[in-house]
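Hi,

Here is the structure I promised to pass on. Have a look, and my notes on what turned up follow below.

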Amino acid sequence: MPERLFVCTPSKLGAYADCPRRYRYSYVDRPAPPKGPPWAHNSLGASVHTALKNWYALAPDRRRPEVLGTLLKGTWVREGYRDDEQERDAFRRALSWLESYVAGLDPADEPVGVERVVAVKTAVLAFNGRTDRIDSRPGPDGRPELVIVDYKTGRTGLDSDDARGSQALALYAYAAERVFRRPCRRVELHHLPTGTVAAHEHSPESLQRQLTRAEDTARDIMAAERAVAGGADPDAAFPTEPGPRCGWCDYRRTCPAGAQAPGKDPWAAVERPTEPE
């Protein structure tokens, strides 16, 4: 019998790559351990992403900067902030990012997809993921090609190495090319706080390398899951290496190793002026 396909999203693959123990807590243990409190930076990012989605849902003649305040209020997620003052400051910053960003957009441009799910099956994976935006632009030969656009709101600026190394963007491109039957090689990270774009032009070979890497991760996950189902120690099958990242983990209080790391306040990543990513 052929082995079952591993159903996954970029976040599912990324969870294991970051920490197998976190993957286990998220996707294997049932009931799942309780998470810590919501993170303010996740609330901020979700609010901005949804505001941009709703901006594109408007008719082109209504896509004006002055509607952004209303859109952001309508999508604002309040969880995780230290107090009302910090939340108001985050709202003002988010609105300024959006205003600067849409000033560089042509309201008449219609993306191929906004918050569009793309999916593909391989010999190992049944992959699906939701892209922030898929654009259509002229390629080197003048024919239209697809471009994957991903919005970022973290504090740290990004460069072409981040775009090149992003497995999620590569998998989106690989899937979009097959869904729409049009070339999709360019991936872009749009960093709203700085107004910068980090881009990379993939080749068929580089996309295949990222796909192979994802399939290797999937095989490791399935092997670990089989081991646990067969009676292996879950901690041994899904190990962890404590480090600074543990302070930001939703399951730090559950994980004996992660609990040794100092925890971060839910609002720490939106503090000014010297906040972490």
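Of the 36 residues in the largest nonpolar core, those touching the most other members are Phe6, Tyr23, Leu125, Phe127, Ile148 and Ala176. (By nonpolar core I mean a set of buried Ala, Val, Leu, Ile, Met, Phe, Trp, Tyr and Cys residues joined through side-chain atoms within 4.5 Å; buried is under 20% relative accessible area, with a 1.4 Å probe and protein chains only.) The biggest giver is α7, with eight residues. A second, separate core has 28 residues, Trp97 and Leu98 among them.

Before going on: this is a predicted model, where local features need pLDDT of at least 70 and side-chain atom pairs count only at pLDDT 80 or more, while totals for chains, interfaces and linings use all residues. Numbering runs from 1 along each chain as its sequence is written, and side-chain values use heavy atoms, leaving out hydrogens and water.

Back to Tyr23: beyond its neighbours within four places in sequence, its contacts (heavy atoms within 4.5 Å) include Phe6, Lys12, Ala15, Tyr16 and Phe238. Lys12, Ala15 and Tyr16 are also among the buried residues of helix α1 (residues 10-18). The cover over the buried residues of α1 includes α2 (20-28) and α8 (204-229). Helices here are DSSP runs (H or I, at least four residues), numbered from the N terminus.

And the cysteines? There are zero disulfides (pairs of cysteine sulfur atoms within 2.5 Å) in the structure. For Cys184, the nearest cysteine sulfur is that of Cys8, 18 Å away. Cys184 is buried, at 0% relative accessible area.

Cheers

Notes. Buried < 20%, exposed > 50% of the residue type's maximum accessible area, 1.4 Å probe, protein only. Helix = DSSP H or I, 4+ residues; strand = E, 2+ residues; numbered from the N terminus.
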